[in-house]
Amino acid sequence: MSDSAELVKRLLKGDRRAVAKLITLVENDKDAQSAKIMHLLFPHTKKAYIVGITGAPGSGKSTLTDRLTLELRTKEKTVGVIAVDPTSPFTGGALLGDRIRMKESCTDKGVFIRSMGTRGSLGGLSRATNNAIRILDAFGKDFILVETVGAGQSEVDIVNSAYTSIVILVPGMGDDIQAIKAGILEIGDIFVVNKADRDGVDRTVMELEMMLDLNPKKNIWRPPIVKTIASRGEGIEELLSCIEKHRSYLESNNLLGMRRDCRNESELMDVLSYRINKYLLDDLKQSGSYTDLLKKICEQKIDIYTAADEILKILWKKS
Amino acid sequence: MFEKDKLEELKKEKKEWEEGSLKKVLDKFAERKDEFMSISDAPIERLYTPEEVEGLDYSEKIGYPGQFPFTRGVQPTMYRGRLWTMRQYAGFGSAEDTNKRYKYLLDQGQTGLSVAFDLPTQMGYDSDHQMALGEVGKCGVSISSLKDMETLFDGIPLDKVSTSMTINSTAAILLAMYIAVAEKQGVTPDKITGTIQNDLLKEYIARGTYIFPPAPSMRIVTDIFDYCSKNVPRWNTISISGYHIREAGSTAAQELAFTLANGMTYVDSAIKKGLDVDKFAPRLSFFFNSHNDFFEEIAKFRAARRIWAKIMTEKFGAKNPKSMMLRFHTQTAGCSLTAQQPYNNIIRTTLEALSAVLGGTQSLHTNSMDEAFALPSEESVKVALRTQQVIGFESGVANTIDPLAGSYFIEAMTDKIEKEVLEYFDKIEALGGVLTALERGFFHKEIADASYRYQKEVEAAEKIVVGVNKFTTGEETQMNLLKVDPGVQKKQEDQIKALKDERDNKKVEELLEGIEQAAKGDENLIPYITEAVKEYATLGEICDILRDVFGEYKEQTVF
Amino acid sequence: MDKKIRILMAKPGLDGHDRGIKVVARALRDAGMEVVYTGLHQTPEQIVEAAIQEDVDAMGLSILSGAHMALFPKIIDLLKNNNAEDILVTGGGIIPKEDIEELKKIGVSAIFGPGTPTTEIIKYIEENVKN
């Protein structure tokens, strides 16, 4: 197993294998190894612009991500892509098939694509995914596109990791806008109506506009709606220009810094809660007092909240 | 078929049998399995009696051969008039190598040709293209230009021999070449007979040799329908295929349903383009798999004819009986053959060929015993051909038409498959038709699930494969396998270079531009391709133009 | 440690028959592995590049077209040139016995031909990936 310091050195020199191995290390690790790596990499992570891409399965996320990558490359930007697919909760395995859509970018040295399974993380992007973003950032990528699973909490929580969040819809597929989960529609900085050659595209756009009109949190940025046919590369130039506009908007209103802070804090809380759970609670869980309390709850002698109070008291005493 | 009273009586008798003799035996000896299923997991009953075909109207559902609904066959005399065409799919190496094999097969009694092209030819690449590396001549004959085609059919009279070409994305180009070769022999297009597979929908679903996206592919397909109906009237313009869908792992009902749904899509597309159904439909043909569940396959073929006849009349208003006839070619199931104990494959192929014949196929390819290792050797393809000849000339099954009609089992199965197919039609319709269902991964999911389920059943020995999970020996059988001349690639590369030096390159460039313009518009592409091919524009050159205009298809990710 | 076996599954060359590779991919997923599936019509360069970026432990290549003696060596070479020889190279498809022996000599670890149970493939990979 390569020394992580050595790998970081190689990464900073542009070694793709080192990048890949570092991502594997943070994926397979819960805390200690990631801590070492992130400590070394952190000073180098501030350049990349992170874009989150989310939408229901079948909305064309991967194709759109691929086209966006190609478009960015014509503007000579380097791109990191992280494609997240669901890990089976029963078997622990995953079928990571997003690369199928990204054949042209595969051998382009300016692009680095990594497929990741959710590996049981329930909400948002896993610590590993966030660390992978930082690794690609340190590797020098101008843009990092994070394509989420598209079902469940991770769709909404992408906003904690990305600066610009793109929500993709498809005419006719998700039925009415009203039926779509409220959270997703609120996090979109840009909305894409893909497969825009299908029937119902104008109605979808209109419904989106109406929903945006009703949004009580109206701030200065009105999310644009872009029609695309990703499979034909149509609308992608416009999409990229919206991303750039959003970026300028954030920068000129000091909001980019705020989003960065949000991201940092969210990752901090993630690491903290893991550590608290592990280092404080793990020990306690082995102890007799914990199992006693559980028994008492079972016997209806004590309620859950009171038990929690007792546990906190024990922890306070310990510290 | 039976009167109500009689049926009630029969039901009583059956019940007595079940509670009497049958129970006596079952009390002592259980049956081999709890449930008996076909290979497609269709439940098979212990016994079929008149009860199972209650209400079956002979005239309406079974009828007479050569007459609606064609359940018993598409011709009134069937094999008593003429045996099915024995048409072995063949091709490898260079055009010269394959020409030799064709002459051998025709000498051995084969009655029609069937061309297998290598992957570069199927995928629109010349032999000297980077993507052709290692593939030239490996699973079919290498054709990069008209010159190759001329060599392929050298000494073979195209007014006497019918040729089926398994070619899809590049079908227009190969057809144009075939017509040009025939003309050089003095045979005019109106005299040539044969088929091009030309079925793009199944490529997206199961076979993978697609180039362009669905819309331009459908355009080329209907251009061919139109062109041939006017200029090449004896040519089958499409072979709507279920073989590959079945090979990819589908069930029998799925094979039939998806194939016929694709067929409807093609008919629809042609009608929308302004073609008269009775002008092009008579030249549509089909291609099915003959798998190893003997009776299920026979029922499938009969159901196919009946369903298609009803579709053509009820949905498309066809008036010409020829439009209603489902004519088909069959290939025995490659995926049923094993690498272990390969001689067993001869037996499998025999049974599969027999069900195709009992199912009324118009032409038949039988696989060779070395299917799991390589392309057929001369020896093994001879045995495969003899299989058909023994069935046709010795077994007597061709003496009467549709001999299994009236069997309670067969008629019940035929009805059952028809019902299942109609349910699939409803599902596809509800999804918005074949093209939308394709986009949504419907076909891929059905096939992936069926193939995974089958694999699990084999690994659990719930489905037996002799020599693989039962009666295994662990020994390896020595076989003399066909080897493709590795020098073919270089030979082809040299030839292409020489060709490009000899031909009128200016003319070729003009003609290629003509194709580009036509492709961007909506003129029929075939005349343009024909002109270019005659001047020795290569297959790759023509496809590069079309790739630029139409784009390339990206596969589905569905497991 | 949450270590999972990562395997790249691809079809090099022009062969479009993907029933086998899809069944194996699904079986490997069901055995707890992360399967990076890159699909049809892959060039050796695309395969090796993907293997490197995805840091896979193994790859499974399916070839039924007869082009295996041209494609496997190219892939093995590219792996060597990229210092990625630790990636286990396995394959399947229609590959005659003599060719299997040749392929093993140049660095292909195993060929799983027709009739191989998926359980055998899973076992082999689990036992042979470098940890």
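Trainee: Which side chains meet in a salt bridge with an N to O distance of 3.3 Å?

Mentor: In this predicted model, the side chains of C:D86 and A:R17 meet in that salt bridge, at 3.3 Å from N to O. The pair belongs to the interface of chain C and chain A, where the count of salt bridges is eight.

Trainee: In what sense do strand β3 of chain A and β2(C) pair?

Mentor: The pairing is parallel: strand β3 (residues 94-96) of chain A is joined to β2(C) over three bridges. As a point of reference when viewing the structure, A:L95 stands opposite C:V35 in β2(C).

Trainee: What is often given as the size of an interface?

Mentor: The general idea is that the size is often given as the accessible area lost when the parts come together. In the present case, chain C and chain A bury about 2800 Å² between them, and 48% of that area is on carbon and sulfur atoms. In terms of contacts, 31 residues of chain C touch 29 residues of chain A.

Trainee: How much area do chain A and chain B bury between them?

Mentor: The value is about 820 Å², with 45% of it on carbon and sulfur atoms. Three residues, A:I100, A:R101 and A:R198, supply 53% of the area that chain A buries against chain B, more than any other three residues. The contact takes 10 residues from chain A and seven residues from chain B.

Trainee: How many salt bridges are counted between chain A and chain B, and which classes of residue make up the side of chain A that touches chain B?

Mentor: The count is five salt bridges. In one of them, the side chains of B:E555 and A:K103 meet at 3.5 Å, N to O. By class, the side of chain A that touches chain B has three nonpolar, one polar and six charged residues.

Trainee: What is the strand order of the open sheet in chain B, and why is one side of β2 and of β6 left without a neighbour?

Mentor: The sheet has five strands in the order β2-β3-β4-β5-β6 (chain B), with parallel pairing. β2 (89-90) and β6 (235-236) of chain B stand at the edges and each has a single partner strand, so one side of each lacks a neighbour in the sheet. For β2(B), two bridges join the strand to β3 (residues 113-116) of chain B, and the two run parallel. Within this pairing, B:A90 stands opposite B:V115 in β3(B).

Trainee: What radius of gyration does chain A have, and what would a compact globule have?

Mentor: Chain A has 22 Å, whereas a compact globule of 319 residues would have a radius of gyration near 20 Å; the value for chain A therefore agrees with the rule. Taken along the principal axes, the C-alpha atoms of chain A fill a box of roughly 65 × 50 × 40 Å. The secondary structure of chain A comes to 13 helices and eight strands.

Terms used
Residues numbered from 1 in each chain as written. Chains lettered and ligands numbered in written order. Predicted model: local features only at pLDDT ≥ 70, side-chain atom pairs only at ≥ 80, totals over all residues. Heavy atoms only, no water. Pairing = 2+ DSSP bridges. Helix = DSSP H or I, 4+ residues; strand = E, 2+ residues; numbered from the N terminus. Contact = heavy atoms within 4.5 Å. Buried area = accessible area lost by both parts, 1.4 Å probe. Salt bridge = Lys/Arg side-chain N within 4 Å of Asp/Glu carboxyl O. Nonpolar A, V, L, I, M, F, W, Y, C, P; charged D, E, K, R; others polar. Rg over C-alpha atoms; globule rule 2.2 N^0.38 Å.
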